[in-house]
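Okay, thanks everyone. I'll take the ligand site, then a few residues elsewhere in the chain.

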Amino acid sequence: MKNRSSFSSKLGFVLAAAGSAVGLGNIWRFPYLAAKYGGGTFLLIYLILAVTFGFSLMVAEIAIGRKTGLSAIGAFKSLDSRFGFLGVLAAAVPIIIFPYYSVIGGWVIKYFATFVSGGVSAAAGDTYFTDFISNPVEPLGWFFLFMAFTAIVVICGVEKGIEKVSKIMMPILVLLTIIISAYCLTMEGAMEGLIYYVKPHMGDVSIKTILAAMGQLFYSMSLAMGIMVTYGSYMKKENQLESSVRQIEIFDTGIAFLAGLMIIPAVFVFSGGDKSALSAGPGLMFITLPKVFNSMKLGGVIGTIFFVLVFFAALTSAISLMETIVSIFRDKFHWNRKGTCIGVAILSLLMGIPSSMGFGPLSFISWMGMSILDIMDFVSNSILMPIVALFTCIFVGFVIKPKAIADEVKVANGTFSGEKLFTVMIKWVAPIFLIMILVSSIMNALGIISI
Ligand code: PHE
């Protein structure tokens, strides 16, 4: 397509895609899953899945985007008109996720503001978090602010907005993560936590470990929601696709691993080795960690740095969500960027309000024990994403055929070293696993099994 924006270089593309991939999921969800599902064994399983399953799906999505020069809806449709529905399903995912992700992004700014203004001990109070999220007005203000930051970057465009911000924020994020994990590892008693994190404990391993790792992988690599299709459509033909995917994976997995080094030893020291403190789920970041920081020497500073890095991670992910939505509307209606961005921001603000108020004035609304935000999360992550990924595999494996993707991968320098692996994964292995994920997450929600 003529005049489509593009990332200026391979590095720009890789950092922007890594910016999307590295998000809240890496920082709180990965460490807690690793601790729960077998430590070193989980790490190993995750790694194997990343270089096989994650690799194949990411290659497929980026190649579809670059080949067609379109975002999800147009891309699938232009390759086969019967598959327009798949683009629509994929587009629904960011539309659902973006509002509530920004609500959580707002919470992160609030915590940053608290820490930077010296409120570390206040933030460690038992009811600080619940008091905050149940307030009818305050979380909305932070949510609006987070959305405004995101919208400003997206309005500035692919090269001047997204690429530029990613090039600044991602290296800083790596540096801050290394600083905090190094600091946490030097605390007395941290080694015990480190060992717990990296040593395999087979007793905790089961089929659930694989399913949990796989679900996490998806979310973490921003797959099955049209994001990588959109970013692929901005990638230049002369940039190598396969090595870009490898670099994005290393970035994403590396940060997830380091996040574990920041969080697990620190929580261990704080709780005196009681690992149940790690299983607090989302509460880990907003309830347990502030207490941990409060108990540490230099905790105010470390906490402030921590929330800056979480903010960067959340912002670059939110940018990719918003850009994907904007790009879908622009491809379809040929609207200008600024107008589309403002429209999408307003719509997403309206959609996010119930998720935010679901912890306060709207807390009477719940479904199977889930708040409004959790319901959005469940529908998008546990239902829509596996369905989109499954159909993407079927689409690539049996409709356009893996060779069509392989040809696109080879455009830059004629090679695709993972081609055989890719073909087997996309046609056979990935679909089987995806069906298992889908079935298990539905059974989990219905309370038949517990993951
Ligand atoms: N990949 C992000 C994470 O790990 C989650 C995310 C998914 C963000 C999709 C944006 C879009 O947290």
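When I say polar contact, I mean a pair of N or O atoms within 3.5 Å; within protein, one must be able to donate a hydrogen and the other to accept it, and residues adjacent in sequence count only if both atoms are side-chain atoms. A word on sources: this is a predicted model, where local features need pLDDT of at least 70, side-chain atom pairs count only at pLDDT 80 or more, and totals for chains, interfaces and linings use all residues. Residues are numbered from 1 along each chain as its sequence is written, and side-chain values use heavy atoms, with hydrogens and water left out.

So, the ligand. One nitrogen atom of the ligand sits 3.2 Å from an N or O atom in the side chain of serine 222. Tyrosine 101 has a side-chain N or O atom 3.4 Å from a ligand oxygen, and at serine 20 a backbone N or O atom is 3.3 Å from a ligand nitrogen. How much of the ligand's accessible area does the protein cover? The protein covers 100% of the 320 Å² that the ligand has on its own (Shrake-Rupley method, 1.4 Å probe).

Who's around the ligand? There are 14 residues, and the closest are Ala21, Leu24, Gly25, Asn26 and Tyr219; being near takes a heavy atom within 4 Å. Helices H1 (10-21), H2 (24-36), H11 (207-220) and H15 (299-333) each give two or more residues to that shell, with H2 giving the largest share, three. Helices here are DSSP runs of H or I, at least four residues, numbered from the N terminus.

Now away from the ligand. Is glutamate 242 buried or exposed? Glutamate 242, in helix H13, is buried, because its relative accessible area is 10% and the cut-off for buried is under 20%, with exposed over 50% and partly exposed in between (1.4 Å probe, protein chains only). Its side chain makes a 2.9 Å polar contact with the side chain of serine 417.

Methionine 235, in the loop between H12 (227-233) and H13 (241-271), is buried too, at 5%.

Last, backbone angles. Most residues other than glycine have a negative phi. Leucine 298, though not a glycine, has a positive phi of about 60 degrees; it lies in the loop between H14 (283-295) and H15 and is exposed at 56%. Lysine 401 has a positive phi of about 80 degrees, sits in the loop between H17 (372-400) and H18 (402-409), and is partly exposed at 42%.
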